[in-house]
Amino acid sequence: ALPICAVFDEDTWRMAFNGVIKPLFDDIDYLLSGGDAQKSQTNPGGQPDGSYAAWAASMGPPTCLAALTKLVGLFEARLDSLAFLLDDVLRLIENCVQHDTEAVARIGVEGFKQLLLPQQYPLHGHLTRKCLRNLL
């Protein structure tokens, strides 16, 4: 029996990426950017208070790391059927690398490294070149 993800077509993968994976990273970015910090008399600038900021800092990077690691692993495991998503995955990694939060930027670098240096599922030559061009 084939795993359920083996029978996904390109449209289903796009829907999963755009409807689940990408919004997860958008939520992490929103959380780390101050999220729902409300303006009030005690917080007129709407800046996150200490407890919210500490919570966001403790939850955001670990969630981002776990999600990016799983995404890269999925991409490597299903490279033949997911190669069309490489640009989207690279854009997502690039957004992590360029994030204002140093921990998220480091996670983005780690995700890019995981994508380029897979041990079991080496990228095809043209996909590796595309990744390297993205660096420049």
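A residue is called buried when its relative accessible area is under 20%, exposed when the area is over 50%, and partly exposed in between, as judged with a 1.4 Å probe on protein chains only. By this scale K113, with a relative accessible area of 43%, is partly exposed, and E110, at 28%, is partly exposed as well.

The structure is a predicted model, in which local features need pLDDT of at least 70 and side-chain atom pairs count only at pLDDT 80 or more, while totals for chains, interfaces and linings use all residues. Residues are numbered from 1 along each chain as its sequence is written, and side-chain values use heavy atoms, with hydrogens and water left out.

Helices are DSSP runs of H or I with at least four residues, numbered from the N terminus, and the expected span of a helix is 1.5 Å times one less than its number of residues. Helix α5 covers residues 102–116, and the 21 Å between its end C-alpha atoms agrees with the 21 Å that its 15 residues should span. Within α5, the buried residues are V104, A105, I107, G108, G111, F112 and L115. Viewed down the helix axis, the buried residues of α5 fall within an arc of 160 degrees, so they line one face of the helix; the arc is taken from the directions that lead from the helix axis to the C-beta atoms. The exposed residues E102 and R106 sit on the face of α5 turned away from its buried side.

Helix α1, residues 10–32, has 23 residues and reaches 32 Å from its first C-alpha to its last, close to the expected 33 Å. At F17, α1 bends by about 35 degrees, the bend being the angle between axes fitted to the seven residues ending there and the seven starting there. F17 is also one of the buried residues of α1, together with W13, F25, I28, L31 and L32.

**Salt bridges**

Side chains of opposite charge can pair when their charged atoms come close.

| Pair | N to O distance |
|---|---|
| D88 and R14 | 3.9 Å |
| E102 and R106 | 2.7 Å |
| K113 and E110 | 3.2 Å |

R14 is partly exposed, at 30% relative accessible area. E102 and R106 are four residues apart in helix α5, and thus about one helical turn separates them; E102 is exposed at 52% and R106 at 57%. K113 and E110, three residues apart in helix α5, are likewise separated by about one helical turn. Salt bridges that share partners also join E10, R14, D88 and R91 into one network.

**H99 in the loop between α4 and α5**

H99 is found in the loop between α4 and α5, and its relative accessibility of 16% makes it buried. Its side chain is joined to that of D29 by a polar contact of 2.7 Å, a term that stands for a pair of N or O atoms within 3.5 Å, where within protein one must be able to donate a hydrogen and the other to accept it, and where residues adjacent in sequence count only if both atoms are side-chain atoms. A polar atom of the H99 side chain also lies 2.9 Å from the backbone nitrogen of T101. When residues up to four places away in sequence are not counted, H99 touches D29, L32, V104 and A105, contact meaning heavy atoms within 4.5 Å.

Note on methods. Helices (H or I, at least four residues) and strands (E, at least two) are DSSP runs, numbered from the N terminus. A salt bridge is a side-chain nitrogen of Lys or Arg within 4 Å of a carboxyl oxygen of Asp or Glu.
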